[in-house]
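Here is a short report on aromatic rings. Look at the structure first, then read on.

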Amino acid sequence: MVEHEEEPKRFSPKVPVELAPPKYDPIDAEELAKCDGTDPNRPTLVAIKGIVFDVSRNQAYSPSGQYRIFAGKDPSRALASSSLKPEDCRPDWYDLDDKEKTVLEEWFTFFSKRYNVVGKVKDATNY
């Protein structure tokens, strides 16, 4: 009998997180941009590969946080290349090399275990 292999623990949060069922409501890029943490009446959102996560409870994505550059965007390319440069915070990632795609997939898994999926970027290209 083959035993089921568990996903690596390195992606699991130290404190268990209770996540809501994912929602895939369409969110256009303009609406996503408004959810950059600067408006207290809106959630703080980050998209990865077109899937939108609510990161509101993590101060790292707030206007004074170290990852504020990602808030209100789909920074897939920046995450894949471990970049904090504004010009790298863009959604196109399909032309990255395999190593960068693996890093991006690891970030996607990391976010999936910590943040609620609240939508999908309208017209996002998912390869």
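The report covers ring pairs, a ring cluster and charges over rings.

## Basis

This is a predicted model: local features need pLDDT of at least 70, side-chain atom pairs count only at pLDDT 80 or more, and totals for chains, interfaces and linings use all residues. Residue numbers start from 1 along each chain as its sequence is written, and side-chain values use heavy atoms, without hydrogens and water.

## Ring pairs

Rings of Phe, Tyr and Trp (its six-membered ring) pair if their centres lie within 6.5 Å. Planes under 30 degrees apart count as stacked, over 60 as edge-to-face, and the rest as tilted. The count is 10 aromatic pairs.

Y61 and F111 are edge-to-face, because their centres are 6.1 Å apart and their planes stand at 65 degrees. Y61 sits in the loop between β3 (51-54) and α2 (76-80), and F111 in helix α3 (residues 98-112). They are 50 residues apart. Both Y61 and F111 are buried (under 20% relative accessible area; exposed is over 50%, partly exposed in between, with a 1.4 Å probe and protein chains only).

W107 and F110 also pair edge-to-face, at 5.4 Å centre to centre and 80 degrees between the planes. W107 is partly exposed at 29% relative accessibility, and F110 is partly exposed at 25%.

## Cluster and charges

Ring pairs join F53, Y61, Y67, F70, W107, F108, F110, F111 and Y115 into a cluster.

A charge sits over a ring if NZ of Lys or CZ of Arg is within 6 Å of the ring centre and within 35 degrees of the ring normal. R114 lies over the face of F110, 3.7 Å from the ring centre. K49 lies over the face of W93, at 5.2 Å.

Conventions: Helix = DSSP H or I, 4+ residues; strand = E, 2+ residues; numbered from the N terminus.
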